[in-house]
Amino acid sequence: MRSSDSRFQISDSRPVSGILLLDKPQGLSSNQALQKVRRLFNARKAGHTGSLDPLATGLLPVCFGEATKIAGHLLGSRKAYEAGVLLGVTTTTDDAEGDVLATRPVPQLDAAAIDAAMSPLRGRITQTPPAFSAIKQGGVALYKRARRGEVVRVPTREVDVYRLDLIDHAADRLRLHVECGSGTYVRSLAHDLGERLGCGAHLTALRRLWIEPFREPAMWTLAQLAALAAEKGTVGLDSLLVPLDRGLQALPALHLSAEQAAQLRQGKRFLQAG
């Protein structure tokens with residue numbers, strides 16, 4: 001997942017700073033959702049943090065103005081998802097948007113067997129991302145190479161999976177809770193879990209619940225934003241913005257005097273005692 005800093009220019013745009021906690025709808029790319037929000041706010045500069053696939057919904061922080069400077073910090077934060085998984089079917093993209101590669105019978109499974117299969121997928125693991133992903137090789141996204149029919153060799157990567165829990169299990173469908181670090185593909189977790197269960201699997205739904213430090217986010221849908229814009233204009237929309245420093249609240253604070261602050265702006269470094 002990566003940040004996106006929009007360069008699209010809107011006539012008569014205005015300077016806006018802050019963070020909007022957008023509830024991204026299914027069917028839009030993160031950049032498409034960003035552009036819709038940016039037009040509503042008539043914002044001069046905006047970017048999003050942590051791309052979501054079109055299939056996915058949920059929290060997409062949109063950073064305006066000065067807040068775009070901390071987008072990289074938010075990208076590395078811990079994230080939580082609720083994921084839907086269909087057993088017995090593998091696809092080209094490891095999710096419901098791909099073509100079916102194979103179908104296999106689903107064995108009788110109980111919660112203990114599913115948990116045993118998930119156990120090796122927890123912690124610091126080595127993961128192979130999907131061939132249809134935005135990872136770049138030679139400056140070209142892998143999904144573009146895959147769509148051209150090229151043989152794509154996807155490099156493995158180490159990622160952190162802090163939690164991988166079974167919420168619900170009914171026949172060939174699972175519902176999972178996932179907490180992970182930056183760069184983790186939940187699609188790949190679904191694929192790998194299916195292989196460990198011996199039947200294959202793919203992701204059918206994904207909702208991002210939170211990103212640190214926004215653990216209990218008050219998210220806003222595009223419909224809610226449009227309605228508020230029609231009623232109260234940009235003044236109403238601006239009231240929804242989270243201050244930039246909320247995105248940094250997990251970092252340690254260093255309190256400086258006015259003199260020290262002036263020296264810091266000139267390049268002097270300070271070490272905090274203790």
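A residue is taken as buried when its relative accessible area is under 20%. In this predicted model, glutamate 179 has a relative accessible area of 5% and is therefore buried. Arginine 78, at 24% relative accessibility, counts as partly exposed. The two residues form a salt bridge in which the closest N and O atoms are 2.8 Å apart. Arginine 78 is in the loop between α2 (71–75) and β5, and glutamate 179 is in strand β12, so that the pair links parts of the chain 101 residues apart. Both residues also belong to a network of salt bridges made up of Arg78, Arg163, Asp165 and Glu179.

The count of salt bridges comes to 13. One of them joins the side chains of aspartate 238 and arginine 14, with an N to O distance of 2.8 Å. Aspartate 238 lies in helix α6 (residues 222–238) and arginine 14 in the loop between β1 (4–5) and β2 (18–24), so the contact ties together parts that are 224 residues apart in sequence. Aspartate 238 is partly exposed at 28% relative accessibility, whereas arginine 14 is buried, with a relative accessible area of 19%. A further salt bridge connects glutamate 195 with arginine 104, the closest N and O atoms again being 2.8 Å apart. Here helix α5 holds glutamate 195, and the loop between β7 (100–103) and α3 (111–118) holds arginine 104, so parts 91 residues apart in sequence are tied together. Glutamate 195 is partly exposed at 35% relative accessibility, and arginine 104 is partly exposed at 33%.

Two or more of the lining residues come from each of β5 (79–87), β12 (173–180) and α5 (186–197). The largest share, three residues, comes from α5. By class, the lining has nine nonpolar residues, no polar residues and no charged residues.

Helix α1 (residues 30–41) has 12 residues and should span 16 Å at 1.5 Å a residue; the end C-alpha atoms are 17 Å apart, which agrees. Within α1, Ser30, Ala33, Leu34, Gln35, Val37, Arg38 and Phe41 are buried. Just after the helix, asparagine 42 takes a positive phi of about 55°.

No disulfides are found in a search of the whole structure. Cysteine 63 is buried, with a relative accessible area of 0%, and cysteine 180 is likewise buried at 0%.

Terms used
Residues are numbered from 1 along each chain as its sequence is written. This is a predicted model: local features need pLDDT of at least 70, side-chain atom pairs count only at pLDDT 80 or more; totals for chains, interfaces and linings use all residues. Side-chain values use heavy atoms; hydrogens and water are left out. Helices (H or I, at least four residues) and strands (E, at least two) are DSSP runs, numbered from the N terminus. Ala, Val, Leu, Ile, Met, Phe, Trp, Tyr, Cys and Pro count as nonpolar, Asp, Glu, Lys and Arg as charged, and the others, Gly among them, as polar. The expected span of a helix is 1.5 Å times one less than its number of residues. Buried means under 20% relative accessible area, exposed over 50%, partly exposed in between (1.4 Å probe, protein chains only). A disulfide is a pair of cysteine sulfur atoms within 2.5 Å. A salt bridge is a side-chain nitrogen of Lys or Arg within 4 Å of a carboxyl oxygen of Asp or Glu.
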